[in-house]
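Please keep the sequence and the structure in view while reading.

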Amino acid sequence: MSELRIVRPASLAELELAPGSVLLAGGTEVVPQLRDRLLEADTLVDIAALVPKGISGTRIGAGTTLAELEGSTEIPAALREAVRLAASPQLRNMGTVGGNLLQSTRCWYWRLAYPCHLHGGDRCHAREGEHREHAIFANELCASAHPSDLAAALLALGATVQTNRRQLQLGELYRVPTKASRSLTALEPGEVLLELDVPPAEASVYLKAMDRKRWAFPLVGVAAARRGSQTRVALAGVAPVPWLLEGALDDATPLPGTAYKVEIAAALVKRALATIAAA
Ligand SMILES: Cc1cc2nc3c(=O)[nH]c(=O)nc-3n(C[C@H](O)[C@H](O)[C@H](O)COP(=O)(O)OP(=O)(O)OC[C@H]3O[C@@H](n4cnc5c(N)ncnc54)[C@H](O)[C@@H]3O)c2cc1C
Ligand code: SF4
């Protein structure tokens with residue numbers, strides 16, 4: 001086995017991602033994936049010193065840890081609650097916002113390296129097999145369920161993302177995989193998330209259904225945010241990407257084992273809308 005190098009570029013201008021290089025922030029995703037051979041790398045590019053950290057007005061550095069966010073009174077309630085309910089205190093101390101938004105699917109077939117569509121193969125093993133934690137929307141090719149609580153909250157809040165190359169709406173960071181492109185994000189090689197801009201909301205909320213009361217990924221997460229006469233609702237755990245609810249939940253296409261998620265989503269959406277209407 002070749003030796004794994006860690007490099008720390010002095011500036012973003014010096015950042016060149018050669019094949020075999022992987023960006024490293026808090027490492028809570030990268031390190032387990034290297035251990036499990038889901039990620040092949042000869043060089044880890046530590047970007048901790050290059051990516052802004054901290055909260056300033058509506059701006060949040062992508063290098064900010066979840067623990068820092070959790071303790072902030074400056075950010076909208078939906079985002080603070082999404083962070084509070086994510087992972088464990090230890091993981092929130094290490095994990096960054098950028099890493100959270102770019103975490104990989106928790107689909108157990110993917111994590112066990114089954115040769116499924118997302119690994120470049122020609123089947124979705126979850127559709128045919130065990131899939132109670134999987135998607136109810138956009139699940140034709142890949143039925144994985146996006147695991148980020150933060151992404152759903154940020155999508156409802158209408159956040160934008162600044163990279164070292166461009167500005168994107170949060171929703172544009174993700175894409176539903178197709179046979180032509182199996183990636184779940186629109187980031188180019190060498191593109192680094194730098195900062196988020198999260199406009200204030202008049203009222204916002206995040207509700208999460210999970211298998212345990214703590215330290216579990218969302219079966220369904222629902223974020224709602226109200227600004228003037230506009231209310232946006234976004235969901236975690238229901239599609240391969242964070243899902244902006246534009247149509248009805250009746251448009252869902254659940255698998256036999258995920259139909260229960262439609263009922264949970266309906267109950268949480270109703271409760272979230274009532275909460276922000278009363279706020
Ligand atoms: C057991 C467990 C439970 C968890 N539970 C939850 C949960 O309930 N809800 C939830 O939302 N999350 C959950 N998480 C995910 C956790 O929040 C993430 O692992 C963490 O936030 C990742 O951040 P990191 O800095 O460690 O990322 P890293 O491991 O360093 O990186 C993750 C990925 O992002 C890329 N990356 C990191 N930063 C950047 C950047 N600035 N620009 C471009 N690419 C970048 C890396 O190359 C890598 O591909 C859980 C994780 C674990 C292990
Ligand atoms: S849901 Fe997606 S990641 Fe899981 S087996 Fe199917 S194609 Fe692979």
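How do the residues of the lining of the second largest pocket divide into nonpolar, polar and charged? They divide into eight nonpolar, five polar and four charged, where Ala, Val, Leu, Ile, Met, Phe, Trp, Tyr, Cys and Pro count as nonpolar, Asp, Glu, Lys and Arg as charged, and the others, Gly among them, as polar.

This is a predicted model, in which local features need pLDDT of at least 70 and side-chain atom pairs count only at pLDDT 80 or more, while totals for chains, interfaces and linings use all residues. Residues are numbered from 1 along each chain as its sequence is written, chains are lettered from A and ligands numbered from 1 in the order in which they are written, and side-chain values use heavy atoms, with hydrogens and water left out.

**Second largest pocket**

- The volume of the second largest pocket is about 290 Å³; a pocket is an open set of points on a 1 Å grid over the protein atoms alone, with protein on both sides within 12 Å along at least five of seven lines.
- Its lining comprises 17 residues, of which Arg106, Trp108, Glu133, Phe217 and Pro218 are the closest to the centre; a lining residue has an atom within 4 Å of a point.

**Ligand 1**

- The shell around ligand 1 holds 31 residues, and Leu23, Gly26, Thr28, Thr96 and Asp149 come nearest; a residue belongs here if one of its heavy atoms lies within 4 Å of the molecule.
- By class, this shell contains 17 nonpolar, ten polar and four charged residues.
- Strand S2 (21-24) and helix H5 (97-101) each supply at least two residues of the shell, and H5 gives the most, with three; helices (H or I, at least four residues) and strands (E, at least two) are DSSP runs, numbered from the N terminus.
- Polar contacts (pairs of N or O atoms within 3.5 Å) include a nitrogen atom of ligand 1 that is 2.7 Å from a side-chain N or O atom of Asp149.
- An oxygen atom of ligand 1 lies 3.1 Å from a backbone N or O atom of Ala87, and an oxygen atom of the ligand is 3.5 Å from a polar backbone atom of Pro147.
- The protein buries 90% of the 980 Å² that ligand 1 exposes when taken alone, with areas from the Shrake-Rupley method and a 1.4 Å probe.

- Ligand 2 is surrounded by 13 residues, the closest being Cys107, Cys116, Cys124, Cys142 and Ala143.
- Helix H6 (108-111) and helix H7 (125-128) are the elements that give two or more residues to this shell.
- Nine nonpolar, four polar and no charged residues make up the shell around ligand 2.
- The space taken by ligand 2 is the largest cavity; a molecule sits in a cavity if more than half of its atoms lie within 2 Å of the grid points, and a cavity is a set of points where a 1.4 Å probe fits but cannot get out.
- About 90 Å³ of space lies in this largest cavity, a volume being the space filled by probe spheres set on grid points joined across faces, edges and corners.

Conventions: A polar contact is a pair of N or O atoms within 3.5 Å; within protein, one must be able to donate a hydrogen and the other to accept it, and residues adjacent in sequence count only if both atoms are side-chain atoms.
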